Amino acid sequence: VHLVESGGGLVQAGGSLRLSCAASGSTSIIKAMAWYRQEPGKQRELVAHFTPGDGSTNYADSVLGRFTVSRDNAENTMVLQMNSLKPEDTARYYCYAETWYMTTMMKYWGQGTQVTVSS
């Protein structure tokens, strides 16, 4: 599975951005997808989790009510809609996918896209 993020950039506080993660390869065996973010010198943290099988979602408390994760199955794309952005949302955002085949689980990461929110 190959993941490519896009949509990052610079935005003022209160603004919105839409991140996309295009998946290719063995997308039919993807069982979970997520967005993570990481600031320099800090651990990568989970932002939003999406389960394609049942469409369930989970969010970090810090983004609940502001961010929405969804998937466009026709395009094999996961989208993160980010509204009411805050300076503390500034980070590099990474797309993550997890596949299961028989009893083997594999993890995949994209290269990341930078989001910068100015105050």
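Reader: Which residue in S8 stands opposite Leu19?

Author: This is a predicted model, in which local features need pLDDT of at least 70, side-chain atom pairs count only at pLDDT 80 or more, and totals for chains, interfaces and linings use all residues. Residues are numbered from 1 along each chain as its sequence is written, and side-chain values use heavy atoms, leaving out hydrogens and water. Strands are DSSP runs (E, at least two residues), numbered from the N terminus, and two strands pair if DSSP finds at least two bridges between them. Strand S3 (residues 17–24) pairs with strand S8 (residues 77–82) in the antiparallel sense over six bridges; Cys21 stands opposite Met78, and the residue opposite Leu19 is Leu80.

Reader: What is the strand order of the open sheet of four strands?

Author: S1 and S3 run antiparallel and are joined by five bridges, with Leu3 opposite Ala23 in S3. Strands S1 (2–6) and S7 (67–72) are the edge strands, each pairing on one side only. The pairing is antiparallel, and the order is S1-S3-S8-S7.

Reader: Is Met102 buried or exposed?

Author: Met102 lies in the loop between S9 and strand S10 (104–109). Its phi is near 60°, a positive value in a residue other than glycine. Most residues other than glycine have a negative phi. Buried means under 20% relative accessible area, exposed over 50% and partly exposed in between (1.4 Å probe, protein chains only); at 71%, Met102 is therefore exposed.

Reader: What is the phi of Ser84?

Author: Ser84 is found in the loop between S8 and strand S9 (91–101). Ser84 counts as partly exposed, at 41% relative accessibility. The phi of Ser84 is positive, near 50°.
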